[in-house]
Amino acid sequence: MDHELTLTVSKTIDAPRADVWRALTDKELIQQYFYGTEAESDWEEGSPITFTGTWEGEKYVDKGTIIEKKRERLLKFSYLSSMSGLEDQPENYAEITYRLEKENGKTILSVTQQGFKDKEAYDHSTQGWEEVLGNLKALVEGLRN
């Protein structure tokens, strides 16, 4: 696991932080913009988080732990994908951070992922986060109209 590899993807969403936060932590909304993924967590620091679903015909169960939470500002969790082929060892977990910033009545959502199996996984995640944030933006802005 290369913990030096870090990506950040950002999107400006025409909605208040409360709406974006809800999309990040509401399992029914997550399922709508995140490839049908079922997310389970109570979203409290120290609590487990799981993501389950099917990707290209293969079932997955990804997991982690909520590391830090600042309501409507920051959510950080550890993350291990069952599809990565990596052992369930602490050193194989990535860290994912959602940051929400206010700007002129809009929200800038940034996702940072640190730790990748290799450059190919990094490239795959970059493309995936771009897609997911685009889907999230469309969903949240659509809910406002």
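# Cavity, pocket and core: questions and answers

User: What makes up the lining of the largest cavity, by class?

Analyst: By class, this lining has 10 nonpolar, no polar and no charged residues. Ala, Val, Leu, Ile, Met, Phe, Trp, Tyr, Cys and Pro count as nonpolar, Asp, Glu, Lys and Arg as charged, and the others, Gly among them, as polar. The residues in question are Leu24, Ile30, Tyr33, Phe34, Trp43, Ile49, Phe51, Leu75, Phe77 and Tyr98, so each of them belongs to the nonpolar class.

A word on the source: this is a predicted model, where local features need pLDDT of at least 70 and side-chain atom pairs count only at pLDDT 80 or more, while totals for chains, interfaces and linings use all residues. Residues are numbered from 1 along each chain as its sequence is written, and side-chain values use heavy atoms, with hydrogens and water left out.

User: What makes a space a cavity, and what makes it a pocket?

Analyst: Picture a 1 Å grid over the protein atoms alone: a cavity is a set of points where a 1.4 Å probe fits but cannot get out, whereas a pocket is an open set with protein on both sides within 12 Å along at least five of seven lines. Lining residues have an atom within 4 Å of a point. Grid points are joined across faces, edges and corners, and a volume is the space filled by probe spheres set on the points. A search of the whole structure finds one cavity of 30 Å³ or more, and about 50 Å³ of space lies in the largest cavity. About 940 Å³ of space lies in the largest pocket.

User: Which residues lie nearest the centre of the largest pocket, and which element gives the most to its lining?

Analyst: Asp62, Tyr79, Ser81, His124 and Ser125 lie nearest the centre, out of 33 lining residues. Helix α3 gives the most, with nine residues. Helices (H or I, at least four residues) and strands (E, at least two) are DSSP runs, numbered from the N terminus. By class, the pocket lining has 18 nonpolar, 10 polar and five charged residues.

User: Why is Phe77 called buried?

Analyst: Phe77 has a relative accessible area of 2%. Buried means under 20%, exposed over 50%, and partly exposed in between (1.4 Å probe, protein chains only), so Phe77, at 2%, is buried. Phe77 is found in strand β5, and leaving aside its neighbours within four places in sequence, its contacts (heavy atoms within 4.5 Å) include Ile49, Phe51, Ile66 and Tyr98.

User: Which residues of the largest nonpolar core touch the most other members?

Analyst: They are Tyr33, Phe77, Tyr98, Leu109, Trp129 and Leu136, in a core of 33 residues. α3 gives the most to this core, with six residues. A nonpolar core is a set of buried Ala, Val, Leu, Ile, Met, Phe, Trp, Tyr and Cys residues joined through side-chain atoms within 4.5 Å. In soluble globular proteins, nonpolar side chains tend to be buried together.

User: How do you know that β4 and β5 pair, and which way do they run?

Analyst: Two strands pair if DSSP finds at least two bridges between them. Four bridges join β4 to β5, so these strands pair, and they run antiparallel. In β5, the bridge partner of Ile66 is Phe77. β4 and β5 form a hairpin with three residues between them, and Glu72 in the turn has a positive phi of about 65°.

User: How many bridges join β3 to β4, and how many join β2 to β3?

Analyst: Eight bridges join β3 to β4, which run antiparallel. In β4, Tyr60 is the bridge partner of Gly53, and Gly64 is that of Ile49. β3 and β4 form a hairpin with two residues between them, and Glu56 in the turn has a positive phi of about 50°. Three bridges join strand β2 (residues 38–40) to β3, again antiparallel, with Glu38 opposite Thr52 in β3. Both counts reach the cut-off for pairing, so β3 pairs with β4 and with β2.
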